[in-house]
Amino acid sequence: MNMTTPAEIVSQMEARSVKETTPCGEGEMVWHIWGDGPPLLLMHGGYGSWTHWIRNIDVLSKHFTVFAPDTPGLGDSAMPPEPITPDGIGAVVSEGLNLLVSASKPIQVAGFSFGGTIGSRVAVHQGERVTSLVIIGSGGMGIPRSPMDEMLSWRDAETPEAIHAAQRRNLEILMIADPDKVDDLAIHTQIENTKRGRVKSIKFAVTAKTLEALHKVKGTISGIWGERDAIALGHIDKREEILRQAQPDCDFRVIPDAGHWVIYEAPEPFNEMLLEMLGVTPA
């Protein structure tokens, strides 16, 4: 019987990484690095950390050197300088990349949710050095979010059990389409990530910040969405249209039955799809 706890799973994954820090406001931005190969930057979602990618890192690091930072103002990274904007956060990430990755190496970027907004800004700052950008379920497209149930306030919960229940329900509402796939690891990472979230990414999700950056990206643009993404439910085609406005030949794909946190809920099809978009030929 496997008795490994969610906290142990996270700790073991983190222990296999190389930890680096780069300047961020008055403190440091924290990076975790796995693998050996061409550099791949993974940007996580709002109120998250590198653990948003916990079901993808092992597969991706077989082909790439994976750089999975905690975005400034989230996870273990310090707050970015004021004023806090996607472009300012993207500049901090871009400057960190310049310190960690040789200038001679091209970079590929994949951004989940708020990470797509920041990843697109990183791509703009890096110019032709970013050869491809994959946007995954991101907001900031200048179009409304689909209506959904109101999220529960876990901060008002008075016991660990109540926090656990509230966070489980929030994952069901926003992040994972199939309630049976809201497991203990998902709840653990949600609890740990949200309590460290200081940058309120929601205010950028309802803007056109991602869209503005996409038209300036030099590399190829691709998109992956979960079919049952609560934010885009019934309107995924509009996201595809927007990406194709930036690049008419954009590779846009939808994973059936998966929700917003598609990288966690459907890791096998997602990993295969992302590798194809990044130019890895299936074995």
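This is a predicted model: local features need pLDDT of at least 70, side-chain atom pairs count only at pLDDT 80 or more; totals for chains, interfaces and linings use all residues.
Local features need pLDDT of at least 70 and side-chain atom pairs count only at pLDDT 80 or more, while totals for chains, interfaces and linings use all residues. Numbering runs from 1 along each chain as its sequence is written, and side-chain values use heavy atoms, with hydrogens and water left out.

Biologist: How many aromatic pairs are there?
Modeller: Rings of Phe, Tyr and Trp (its six-membered ring) pair if their centres lie within 6.5 Å; planes under 30 degrees apart count as stacked, over 60 as edge-to-face and the rest as tilted. By this rule the count is six.

Biologist: Which class does the pair of Trp31 and Phe67 belong to?
Modeller: Trp31 is in strand β2 and Phe67 in strand β4, 36 residues apart; strands (E, at least two residues) and helices (H or I, at least four) are DSSP runs, numbered from the N terminus. The ring centres are 6.5 Å apart and the planes at 85 degrees, so the pair is edge-to-face.

Biologist: Is Thr51 buried or exposed?
Modeller: Buried means under 20% relative accessible area, exposed over 50%, partly exposed in between (1.4 Å probe, protein chains only). Thr51 has 6% relative accessibility, so Thr51 counts as buried.

Biologist: Which side chain does a polar contact of 2.9 Å join to that of Thr51?
Modeller: A polar contact is a pair of N or O atoms within 3.5 Å; within protein, one must be able to donate a hydrogen and the other to accept it, and residues adjacent in sequence count only if both atoms are side-chain atoms. Thr51 lies in the loop between β3 and α2. The side chain joined to Thr51 at 2.9 Å is that of Ser49.
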